[in-house]
Amino acid sequence: MKLVAVPSMNFEERKDEIQFIILHATDTKTIEETFDCLIDSVEPNRVSAHYVIDRTGYVFALVPEDCTAWHAGISDWNGYCARTERKGLNHASIGIELQCEGDGKGDNFKGFTKLQLQACDELVQRLMKRYNIPVENVLRHSDIAPDRKKDPGKHFPYRKLKEKWAKQR
């Protein structure tokens, strides 16, 4: 896995233990457009992620894992937010963005590359091991915010990867 640091200032102190990995798709044509969004965004629309994986398989580290990135927004999984009085999963998750183009409507992401999926697989496995995250807590953005998000979409091989991650445990 090729890891490159590209720091974002869009983060805050982590308040909860890391329990989730959230997978996203960027809906951007280029990695530069992705960085414009995740590194250079400003109030009130500041967003970020811990990692971005480009189409060539490079993994860019934007936010340190011990900090909270702003990638999940208003979200929940299995009542976590009710138990913690949080509005979303940012404080308890690692966000991974896969750079890919969409249809502009946020629901038809396409063109995930083999190198990109291999890097995602390796990164997720490392994070699962490092934080003892069960496979059922490796989620898509569409799982945690189904009324407003559809990424990473139907072309992302989530079931296949999740089966592989379950076997690795």
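**Close-up 1. Asn132 in the loop between helix H3 (114-131) and strand S8 (138-140).** In this predicted model, local features need pLDDT of at least 70 and side-chain atom pairs count only at pLDDT 80 or more, while totals for chains, interfaces and linings use all residues. Residues are numbered from 1 along each chain as its sequence is written, and side-chain values use heavy atoms, with hydrogens and water left out. Helices (H or I, at least four residues) and strands (E, at least two) are DSSP runs, numbered from the N terminus. Asn132 is not a glycine, yet its phi is positive, near 55°. Its relative accessibility of 58% makes Asn132 exposed (over 50% relative accessible area; buried is under 20%, partly exposed in between; 1.4 Å probe, protein chains only).

**Close-up 2. Asn78 in the loop between strand S6 (67-69) and helix H2 (80-84).** Phi of Asn78, also a residue other than glycine, is positive, near 50°. Asn78 is exposed, at 61% relative accessible area.

**Close-up 3. The cis peptide bond between Asp151 and Pro152.** Omega is about 5°. Pro152 is located in the loop that runs between helix H4 (141-144) and helix H5 (158-168). Most peptide bonds are trans, and most residues other than glycine have a negative phi.

**Close-up 4. Parallel pairing of S7 with strand S3 (residues 20-25) and strand S4 (residues 51-53).** Strands pair if DSSP finds at least two bridges between them. S3 is joined to S7 by 6 bridges, and S4 by 3. Glu97 of S7 stands opposite His24 and is the bridge partner of Val52.
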